[in-house]
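I opened this notebook to record what I looked up on strand pairing and aromatic contacts. The entries follow in the order in which I made them.

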Amino acid sequence: MAKKIFHITASVITWVTLLLAAALVVPKLAGYCPYVVLSGSMEPSVKTGSLAYVSTAKGTWQVGSIIAYKLSDGTAVIHRIAGIDEETGDYITKGDSNEAADGTPVPEESILGLYVFSIPGVGYFLQGLRAPLLLPVCGLICALLALNLADYAFCENKMKDKQIPRQGVKGGILNV
């Protein structure tokens with residue numbers, strides 16, 4: 001029974017790790033950059049806690065497009081283009097759930113790319129992995145599972161080599 005539970009646990013951890021790696025690596029190879037959505041300013045279009053993918057390909061941005069852009073402090077924001085300042089050509093952005101447009105227009109050079117799609121909830125999980133102790137704890141759990149698996153395989157081979165005969169149980173009494 002313990003063997004079965006261990007194998008199921010190891011399989012689940014392996015598949016979750018592979019799926020997370022695929023969710024992060026494969027889109028990057030296709031030219032998408034993932035961002036974790038931390039606020040509800042774009043609800044319901046982009047949900048809080050989502051992992052949002054932004055195409056990094058240069059393009060022309062138009063009113064209604066959802067873009068990612070960088071603030072002067074380096075923070076990335078995903079908002080919709082609500083208008084274009086005719087004098088400067090800067091973009092006026094607004095979160096879908098915000099009443100007013102953002103205070104500072106966004107220059108072309110601050111735009112990171114065009115929002116393409118998001119996976120709800122995955123961002124919460126990835127943010128959790130950024131907690132100072134969580135990543136080392138997850139690493140420790142994976143290492144312990146790997147050691148346990150190696151120990152189990154080693155002991156299983158030893159038992160096969162020794163071919164220890166088993167005594168049977170008759171009528172509920174152990175025959176020794």
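**Strand pairing**

I began with strand 3 and strand 6, which pair in the antiparallel sense over three bridges. Two strands pair if DSSP finds at least two bridges between them. The strands (E, at least two residues) are DSSP runs, numbered from the N terminus. I then looked up Ala-68 and found its bridge partner in strand 6 to be Gly-113.

I noted the basis of the work: this is a predicted model, in which local features need pLDDT of at least 70 and side-chain atom pairs count only at pLDDT 80 or more, while totals for chains, interfaces and linings use all residues. Residues are numbered from 1 along each chain as its sequence is written, and side-chain values use heavy atoms, with hydrogens and water left out.

I checked the cover of strand 3 (residues 66–70) and found four of its five residues buried; buried means under 20% relative accessible area, exposed over 50%, and partly exposed in between (1.4 Å probe, protein chains only). Strand 3 is joined to strand 4 (residues 76–84) by five bridges, and the two run antiparallel. Tyr-69 has Val-77 in strand 4 as its bridge partner. The two strands form a hairpin with five residues between them, and Gly-74 in the turn has a positive phi of about 95°.

I traced an open sheet of six strands in the order 1-2-6-3-4-5, with antiparallel pairing. Strand 1 and strand 5 (91–94) each have a single partner strand, so one side of each is left without a neighbour in the sheet. I also looked up strand 2 and strand 6, which run antiparallel and are joined by five bridges. Val-54 has Tyr-115 in strand 6 as its bridge partner.

**Aromatic rings**

Which residues form the aromatic cluster? I found Tyr-32, Tyr-53 and Phe-117 in one cluster. Rings of Phe, Tyr and Trp (its six-membered ring) pair if their centres lie within 6.5 Å; planes under 30 degrees apart count as stacked, over 60 as edge-to-face and the rest as tilted. By this rule I counted two aromatic pairs. Tyr-32 and Phe-117 are edge-to-face, at 6.3 Å centre to centre with 75° between the planes. This pair links strand 1 (residues 32–36) to strand 6 (residues 111–119), its members being 85 residues apart. Phe-117 is partly exposed, with a relative accessible area of 33%. The rings of Tyr-53 and Phe-117 have centres 4.6 Å apart and planes at 20°, so this pair is stacked. Tyr-53 lies in strand 2 (residues 51–55), 64 residues from Phe-117. I recorded Tyr-53 as buried at 1%.
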